[in-house]
Amino acid sequence: PLSLNAIIDAAVYAVADYTDLRVSVNLPGPITVLADEVELSRVIANLLENARRYGKTPETGIAMVDIAAKERDQWVLIKVRDHGMGVAPDILPKLTRPFFRGDTARTAATGAGLGLAIAEKTIQRMGGVFTLANTSSGGLAAHIKLRRG
């Protein structure tokens with residue numbers, strides 16, 4: 001068992017100086033999850049970096065990211081959402097494939113295309129579920145489901 005609040009606080013602190021990233025956190029109180037601290041930290045950091053690279057709001061050039069979590073039965077549901085352009089529906093299921101990179105022509109971002117594949121496998125190894133979805137108001141959301149601690 002570990003504090004989700006501490007994991008998210010540390011991840012947000014690590015990116016606090018970025019001028020092109022704003023993170024809003026909405027946690028209803030102390031939340032404990034069954035997870036590996038280092039691995040979950042890497043997943044959250046990866047999602048923040050992906051939002052910074054690919055999820056910038058076109059008008060401002062700033063990535064606005066919302067992190068929220070809630071407890072439901074024996075699970076904790078975590079959502080990390082940007083307010084960017086989202087991705088084409090046909091690309092969405094491919095984003096967690098190793099070495100797949102989305103629309104690289106549209107962005108100047110670089111990478112090997114492993115981050116989301118690793119994130120998905122990491123969450124699965126911890127007994128959880130990782131999914132990606134476009135949001136109805138624009139942007140991409142990563143949904144993480146982990147057991148309550």
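Colleague: How many helices and how many strands does the secondary structure of the protein chain come to?

Modeller: This is a predicted model, and its protein chain has three helices and eight strands. Read from the N terminus, the order of elements is β-α-β-β-α-β-β-β-α-β-β.

Colleague: What share of the residues of the protein chain count as buried?

Modeller: Of the 149 residues, 38% count as buried. The accessible surface comes to about 8100 Å², with 54% of that area belonging to carbon and sulfur atoms. As for contacts in the chain between residues at least 6 apart in sequence, 65% join residues at least 24 apart.

Colleague: Let us turn to a helix. Which residues of α1 are buried?

Modeller: In helix α1, residues 4-14, the buried residues are L4, N5, I7, I8 and A11. Seen down the axis of α1, these buried residues fall within an arc of 165°, so they line one face of the helix. The face turned away from that buried side carries the exposed residues Y13 and A14.

Colleague: What covers the buried residues of α1, and which residue caps its N-terminal end?

Modeller: The cover includes the strands β1 (2-3), β2 (21-26), β3 (32-33), β5 (62-72) and β6 (75-82), together with helix α2 (37-54). The N-terminal cap of α1 is S3, which places a side-chain oxygen 3.3 Å from the backbone nitrogen of N5.

Colleague: Against which elements do the buried residues of α3 pack?

Modeller: They pack against α2, β7 (129-134) and β8. Helix α3 spans residues 115-125, and its buried residues are L116, A117, A119, E120, T122 and I123. On the α2 side, consider N50, which is found in that helix. Leaving aside residues up to four places away in sequence, N50 touches G55 and L116. N50 is itself buried, because its relative accessible area of 19% is under the 20% limit.

Colleague: Which residue lies over the face of W75?

Modeller: One looks for a charged side chain placed above a ring. K145 lies over the face of W75, at 4.6 Å from the ring centre. In another case, the charged end of R52 sits over the ring of Y18, 3.7 Å from its centre. The structure holds zero aromatic pairs.

Colleague: How far apart are R147 and W75 in sequence and in space?

Modeller: They are 72 residues apart in sequence, while their C-alpha atoms are 4.5 Å apart in space. R147 is found in strand β8, residues 140-147. Apart from residues up to four places away in sequence, R147 touches T32, V33, L34, Q74 and W75.

Colleague: Is R147 buried, exposed or partly exposed?

Modeller: R147 counts as partly exposed, because its relative accessibility of 34% lies between the limits of 20% and 50%.

Key:
Residues are numbered from 1 along each chain as its sequence is written. This is a predicted model: local features need pLDDT of at least 70, side-chain atom pairs count only at pLDDT 80 or more; totals for chains, interfaces and linings use all residues. Side-chain values use heavy atoms; hydrogens and water are left out. Rings of Phe, Tyr and Trp (its six-membered ring) pair if their centres lie within 6.5 Å; planes under 30 degrees apart count as stacked, over 60 as edge-to-face and the rest as tilted. A charge sits over a ring if NZ of Lys or CZ of Arg is within 6 Å of the ring centre and within 35 degrees of the ring normal. Helices (H or I, at least four residues) and strands (E, at least two) are DSSP runs, numbered from the N terminus. Buried means under 20% relative accessible area, exposed over 50%, partly exposed in between (1.4 Å probe, protein chains only). Contact means heavy atoms within 4.5 Å. The arc is that of the directions from the helix axis to the C-beta atoms. A polar contact is a pair of N or O atoms within 3.5 Å; within protein, one must be able to donate a hydrogen and the other to accept it, and residues adjacent in sequence count only if both atoms are side-chain atoms. Accessible areas come from the Shrake-Rupley method with a 1.4 Å probe; for residues, only the protein chains shown count as cover.
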